[in-house]
Amino acid sequence: MSDTHIWRFFDDNDISGYTLIIPSVAVGNVGQLASDLLISSFDMVRIASVYSTAIIPVLGYDPYDLNSSKLSSSCEVYKCATRNLIVLQIRAPLVYRYAKPFLNEVVLKFKEKHVKDIVILTSSFAHEKKYISTSPFRYVANELFSRKNEIKRLNWMEHEFHDNGLKIYGGGFASLLFQICSEHTMPCLVLYKYCSEGNNIPDAYEMVHYIANLLPLFSEKKDLMSQLVEPVSWKLLFGRPPPIDIY
Amino acid sequence: MATYGEIVEPLSRTAWEDWDDVTSEDKHNRLECPDQAAVPDIIESLILLEGKYLYDCMKNEIKNLTLIYTIKEIDLNVYQNQQSNVCISILRDYDILRSSEIVELLKPYITVSKNVVTIQTKPLTEYQSLELTNKNCLIRTICSTKASNLEINFPKLQQPNFISGVSAGAICLRDHLDLPGTAVICYTEHPEDYQIEEIQTLLKKLKVISHVNTGPSNVLNSNLYI
């Protein structure tokens, strides 16, 4: 069986110099929730949709606009021109067997479009955190990532390498994507948060706060919380109201 | 039950692959299409039926259809109604991780067919809505950007509801190829207890079944003596 990857671009404008955010499907879906928060807050425009055998198919209507009749699928690309930001939102887990060729294609596609760097947002099991009184965030950046001095100034804690290669337990495809980025000389940063499954919306808010320290995404004149807009699709994240029959 | 101190993943996660365990790659063999599976030159419609309810609906109808191929591993059967050039694919139960592989297997039919309609049943409890309803059956659709000429008139599926699996993949692929496709989702409380008239009528309209059966399919309709 051959692999299929179909990219459908709705907007082919120049995206060179943009930062690309890719969430990894991981514990608590923190990266995906943070990406949702960014897409909704910046009212980002969908510029592409991807069909791939590497992703479990999901389909619905636009989760950011209840009145929209636009389809929304497993993998879509959103753009915010004013902030030089792109988000590749992934709404379903990747199939391990087909993931590597797909992630390779993702990196090459955006390298071809001269994207500045890739930021991978992910999470790791809370029980993997060893120093309990430290920040719940860790980062890994490759040599090519240009904001390393900025990270040092922010005093972020670096991921601890114990053996060969990057291993983030519960972090999904983040390690594999980081490895692929490095192989293709693409500047890359992985940011992850230790968390547990449950209501992970607060984790997503924290992650957006954290990344906003590094990337100039929000206005400094206003409170950051007031600039964040929750997607409408989060309203029923924990199910519908109780049935009337129980009263 | 977990022992004290044991870390147990939530049930919702157990279906997914464990990316921390590299051996998960060898869980399944790759699906292959049988050699004899010839794709008809003209397919008016491909009807993809998912789930036990629709599988049972088709039990008495398959004798009138020509079997193109079957893959027992995933409970997939593809039939053709030669009089109407309609292909019918029936999937009773499958591992969601194999959804995109199954779509890839059905791709020759999905791309050749003039129309693709997928039908599935889901428990009513999975339907997310702020509106309170006491209906025991809701039918919703998701349509590709390119409009279909088949008149399937059910309300559109409201966000944040979505579908996943083979039906989602088939319609998503059609949309990416700029071809028409419609997913019909029937949210029902007791799919095995009675026939859903709207679905039966739709199946008849799509030339999948020859007659509408709206009688109960529960124990009263069986040969049991009560």
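This is a predicted model: local features need pLDDT of at least 70, side-chain atom pairs count only at pLDDT 80 or more; totals for chains, interfaces and linings use all residues.
Residues are numbered from 1 along each chain as its sequence is written, and chains are lettered from A in the order in which they are written. Local features need pLDDT of at least 70, side-chain atom pairs count only at pLDDT 80 or more, and totals for chains, interfaces and linings use all residues, while side-chain values use heavy atoms without hydrogens or water.

In chain A, the axes of helix α1 (residues 30-41) and helix α5 (residues 201-214) come within 8 Å and cross at roughly 65°. The two helices are therefore roughly perpendicular (65 to 115 degrees). On the α1(A) side, V30(A), G31(A), L33(A), A34(A), L37(A) and L38(A) meet residues of α5(A), among them I201(A), D203(A) and Y205(A); contact means heavy atoms within 4.5 Å. By class, ten nonpolar, one polar and one charged residues form this contact.

Turning to chain B, four helices and eight strands are found (DSSP runs of H or I, at least four residues, and of E, at least two). Of its 226 residues, 47% are buried (under 20% relative accessible area, 1.4 Å probe, protein chains only).

Helix α4 of chain B (residues 197-205) buries I199(B), Q200(B), L202(B) and L203(B). Seen down the helix axis, these buried residues fall within an arc of 160°, so they line one face of α4(B). Their packing partners in chain B include β1 (45-50), α1 (52-58) and β5 (115-123). After α4(B) comes K207(B), with a positive phi near 60°.

Key:
Axes are lines fitted to C-alpha atoms, for helices over the stretch in contact, and angles run from 0 to 180 degrees between N-to-C directions. Angles under 35 degrees count as roughly parallel, over 145 as roughly antiparallel, 65 to 115 as roughly perpendicular and the rest as oblique. Ala, Val, Leu, Ile, Met, Phe, Trp, Tyr, Cys and Pro count as nonpolar, Asp, Glu, Lys and Arg as charged, and the others, Gly among them, as polar. Buried means under 20% relative accessible area, exposed over 50%, partly exposed in between (1.4 Å probe, protein chains only). The arc is that of the directions from the helix axis to the C-beta atoms.
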